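Colleague: I am new to this structure and would like to go through it in questions and answers. Please start when it is on screen.

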Amino acid sequence: MFRRSIDLPSRISLVAAIVCALLFPLRAEAAPPPYAELLIDPATGVVLHAQNPDLPTQPASLTKMMTLFLAFDSLDKGELTLDQFIPVSRRAQNMSPSKLGLVAGTSIRVEDAILGLVTRSANDAAVVLAEAIGGTEEGFAEMMTTKARIIGMRNTTFLNASGLPNARQKTTARDIATLSQALIRTHTRHYPYFSRSSFSYNGAVVRSHNRLMNRYDGMDGIKTGFVNASGFNLAATAVRDGRRLIAVVLGGRTSRERDNRVAALLDHGFGVKPLGRTVSTVEVAAVVPTVRATIKADAPRAEKAVAKAPKPATKAAPPAKAGTWAIQVGSYKSHKAGQAGLTTTAKVIPAHVKGAKSTVLKSRTGVFQARFIGMTKAAAEQACSRLESKGQDCMVVAPRG
């Protein structure tokens, strides 16, 4: 048989191609993380909205809610005190970020470790607490899972105290809502830690990752989380007119999407506006019907409009079809500070807020919300995207209706 000769360079290229194919096979695009959401009224136990509430996923830093639960248990039993110093191990020092930067051989106050978990979601502080309570992180994780079963978390298994990636560490939106409710009910005295937006440690100010808490009226906690396998997670609770709701979103594609969806769930529960379709593309199970009667009976009064319409209303004029959307760029302690925030924002994105009216609204809780109003939906979304790309908080506010 006649064999076609192959020169040396071609042979080398062929061998290289075969080796690459064997070592680096083509990979399918990674599937999006599981998506789930749940809204409950803890006072009545009524589920107001649910989508995939029992779909398993990794809890990410929502794990620290259980770490804190056991820490609060130890405080109540007298096994720990807030001013007690607990040792930092080499394992704690070597944890991946986020962390406080603890150094092995030193110690940290129990209260500082708690605040480190609540605000920075510090993985090193989580290990310090775990080792102080359980001896080892592995032993503490067993305590976490045992406590989960006791309080009714049927589909959750904990393998570490931080929530760093572990394929066998699983939870569900329903279980996270159960944990949120148990924290509020069992540890009423300690729960206010979850509303802390910052604390000082070693001369530096440590700020909270829960940005939605600073801009959603009535929210007082509870925890954010993210790993690649879970997407962006958030368990949140808010109180309006004496009524508390708990919302959980697991698997958001971005922190902004997650925060906005939680805000929409809470608004829906408080009767502010109807709940639109989830922005997530992942849908595995059917949505549980909303309990409309409960929502209607407990709906709060609509917030009084503060800013006047830019144009005089004509007789029997229908609601505006455009220019009714807004963006909220921050919550402030005073009206003056809110105005300053608006001025600064206008300088950052002048083209995006051109034609919009700036206003500062005082919420029921006394904070001042700085907003640009009279925008179209597209303009509002573009403005927020631009602000967030520059590291500034922003929330799109839909028209009421």
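Colleague: How many residues lie between β7 and β8 in their hairpin?
Modeller: This is a predicted model, in which local features need pLDDT of at least 70 and side-chain atom pairs count only at pLDDT 80 or more, while totals for chains, interfaces and linings use all residues. Residues are numbered from 1 along each chain as its sequence is written, and side-chain values use heavy atoms, with hydrogens and water left out. Helices (H or I, at least four residues) and strands (E, at least two) are DSSP runs, numbered from the N terminus. The number of residues between β7 and β8 in the hairpin is three.

Colleague: In which sense do β7 and β8 pair, and over how many bridges?
Modeller: Two strands pair if DSSP finds at least two bridges between them. One partner pair is Ile222 with Ala236 in β8. β7 and β8 (residues 231-240) are antiparallel, and the bridges number eight.

Colleague: Why is β7 described as largely enclosed by the rest of the structure?
Modeller: Buried means under 20% relative accessible area, exposed over 50%, and partly exposed in between (1.4 Å probe, protein chains only). β7 is largely enclosed because its buried residues are eight of the nine.

Colleague: Which elements do the buried residues of α4 pack against?
Modeller: Nine of the nine residues of α4 are buried, so this helix too is largely enclosed by the rest of the structure. Among them are Glu111, Asp112, Ile114 and Leu117. Contact means heavy atoms within 4.5 Å. The buried residues of α4 pack against α2, β3 (85-87), β4 (107-109), α5, β5 and β7 (219-227).

Colleague: What does Met66 touch, leaving out residues up to four places away in sequence?
Modeller: Met66 is one of the residues with the most contacts to other members of the largest core. With those sequence neighbours left out, Met66 touches Met144, Lys147, Ala148, Ile151, Met153, Phe158 and Leu179.

Colleague: How are α2 and α6 oriented to each other?
Modeller: Axes are lines fitted to C-alpha atoms, for helices over the stretch in contact, and angles run from 0 to 180 degrees between N-to-C directions. The angle is about 90 degrees, with the axes 10 Å apart. Angles under 35 degrees count as roughly parallel, over 145 as roughly antiparallel, 65 to 115 as roughly perpendicular and the rest as oblique. α2 and α6 are therefore roughly perpendicular.

Colleague: Where is Asn52, and is Asn52 buried or exposed?
Modeller: Phi of Asn52 is near 55 degrees, a positive value in a residue other than glycine. Asn52 lies in the loop between β2 (46-51) and α2. Its relative accessibility is 3%, so Asn52 counts as buried.

Colleague: Which peptide bond is cis?
Modeller: Ser98, one partner in this bond, lies in the loop between α3 (90-93) and β4. With omega near 5 degrees, the cis bond is the one from Pro97 to Ser98.

Terms used
Core = buried A, V, L, I, M, F, W, Y, C linked by side-chain atoms within 4.5 Å.
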